[in-house]
Amino acid sequence: MGKAKIETIEEFNQVLEKENKFIFIKHSLTCPISKAAFDEYEQFVSEHENVPSYYLYVQEAKELSNHIAENFEIKHESPQALLFEDGKVKWNASHRSITKEALVAAGE
């Protein structure tokens, strides 16, 4: 399964309908902290391919990023990790709190 990049609200809504539980990452292409968090996420994905996960690049998907912040009432951060379950955000972390271990704990 691994990870998949999504860019539109429509794609995100399809994921919400299809997946009961998944991890979602907001990644900034210009931020070194975000790069470190994305590296942690990629390590997580490589060891937990059975956990559905999706990501966006904030610079390419501002509309979707804002949509998630507004609809789920989660202050936008970049980088940010979110665990969705049953159509709701069950867990979120930002910046240096995004580690492989944190993602493992959230995804279990």
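View 1. Tyr41 counts as buried, because its relative accessibility is 0%; buried here means under 20% relative accessible area, with exposed over 50% and partly exposed in between (1.4 Å probe, protein chains only). Phe38 is buried too, at 7% relative accessibility. Helices (H or I, at least four residues) and strands (E, at least two) are DSSP runs, numbered from the N terminus. A friendly note before moving on: this is a predicted model, in which local features need pLDDT of at least 70 and side-chain atom pairs count only at pLDDT 80 or more, while totals for chains, interfaces and linings use all residues. Residues are numbered from 1 along each chain as its sequence is written, and side-chain values use heavy atoms, with hydrogens and water left out.

View 2. How many aromatic pairs does the count come to? The count comes to 13 aromatic pairs, where rings of Phe, Tyr and Trp (its six-membered ring) pair if their centres lie within 6.5 Å, and planes under 30 degrees apart are stacked, over 60 edge-to-face and the rest tilted. Phe38 and Tyr41 make a tilted pair, 5.3 Å centre to centre with 50° between the planes. Elsewhere, ring pairs link Phe12, Phe22, Phe24, Tyr54, Phe72 and Phe84 into a cluster.

**View 3. Strand S3 and the strands that pair with it.** Five of the five residues of S3 are buried, so the rest of the structure largely encloses this strand. Both of its faces are covered: Ser53, Tyr55 and Tyr57 are buried on one side, Tyr54 and Leu56 on the other. Strand S1 (residues 3-5) runs parallel to S3 and is joined to it by three bridges; two strands pair if DSSP finds at least two bridges between them. Lys3 has Ser53 as its bridge partner in S3. S2 and S3 also pair in the parallel sense, over five bridges, and His27 has Tyr57 as its bridge partner in S3.

**View 4. The largest nonpolar core.** A nonpolar core is a set of buried Ala, Val, Leu, Ile, Met, Phe, Trp, Tyr and Cys residues joined through side-chain atoms within 4.5 Å. The largest one has 17 residues, and those with the most contacts inside it are Ile23, Ile25, Tyr41, Phe44, Tyr55, Ile98 and Leu103. S2, H2, strand S3 (53-57), strand S4 (80-85) and helix H4 (100-107) each supply at least two of its residues. H2 gives the most, with five residues. Apart from this core lies another, of 15 residues, among them Phe12, Phe24, Tyr54 and Ile68.

**View 5. Ser28 in the loop between strand S2 (21-27) and helix H2 (32-47).** Is Ser28 buried or exposed? Ser28 is buried, with a relative accessible area of 8%. Not counting residues up to four places away in sequence, Ser28 touches Ser34, Val58, Gln59 and Ser78, contact meaning heavy atoms within 4.5 Å.
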